[in-house]
Amino acid sequence: MIFNELQQFRQTLYDNLGNARDALFDLMDAVLTSACIVSFVSLSQSPLFRRQWSSTYEALRDSRLPRSKVLKLGSV
């Protein structure tokens, strides 16, 4: 049951990310699973980040998170 809720949450979040959503999602997974983050380059070396290291900058530059939608997801 919890797995299904998490999967639904992640899918809804992914659907709302807009531009660069794939790279952003990989970046989010890398942040959530990394023990120590010292730079974007170290995040890009995470096995969960499947893109080139420069994609970390591009994802953050090209995306605009819909904050109100994302915040609503957290309260469900």
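Which residues make up the largest nonpolar core? The core has 7 residues: L13, L17, A23, L24, F25, A59 and L73. The model is predicted: local features need pLDDT of at least 70, side-chain atom pairs count only at pLDDT 80 or more, and totals for chains, interfaces and linings use all residues. Residues are numbered from 1 along each chain as its sequence is written, and side-chain values use heavy atoms, leaving out hydrogens and water.

**The core**
- A nonpolar core is a set of buried Ala, Val, Leu, Ile, Met, Phe, Trp, Tyr and Cys residues joined through side-chain atoms within 4.5 Å.
- Helix α2 (residues 21-33) gives the most to this core, with 3 residues.
- L17 is in contact (heavy atoms within 4.5 Å) with L24, F25, R64 and L65, leaving aside neighbours within four places in sequence.

**Helices**
- Helices are DSSP runs (H or I, at least four residues), numbered from the N terminus.
- Helix α1 covers residues 2-16 and has 15 residues. From first C-alpha to last, α1 reaches 21 Å, close to the 21 Å expected at 1.5 Å a residue.
- The expected span is 1.5 Å times one less than the number of residues.
- The 13 residues of α2 should span 18 Å, and its end C-alpha atoms are 18 Å apart, which agrees.
- Just after α1, G18 takes a positive phi of about 80 degrees.

**Buried residues of α2**
- Buried means under 20% relative accessible area (1.4 Å probe, protein chains only).
- In α2, the buried residues are A23, L24, F25, D26, L27, D29 and A30.
- D26 counts as buried because its relative accessibility is 3%.
- Leaving aside neighbours within four places in sequence, D26 is in contact with L48, F49, R50 and R51.

Terms used
Buried < 20%, exposed > 50% of the residue type's maximum accessible area, 1.4 Å probe, protein only. Helix = DSSP H or I, 4+ residues; strand = E, 2+ residues; numbered from the N terminus.
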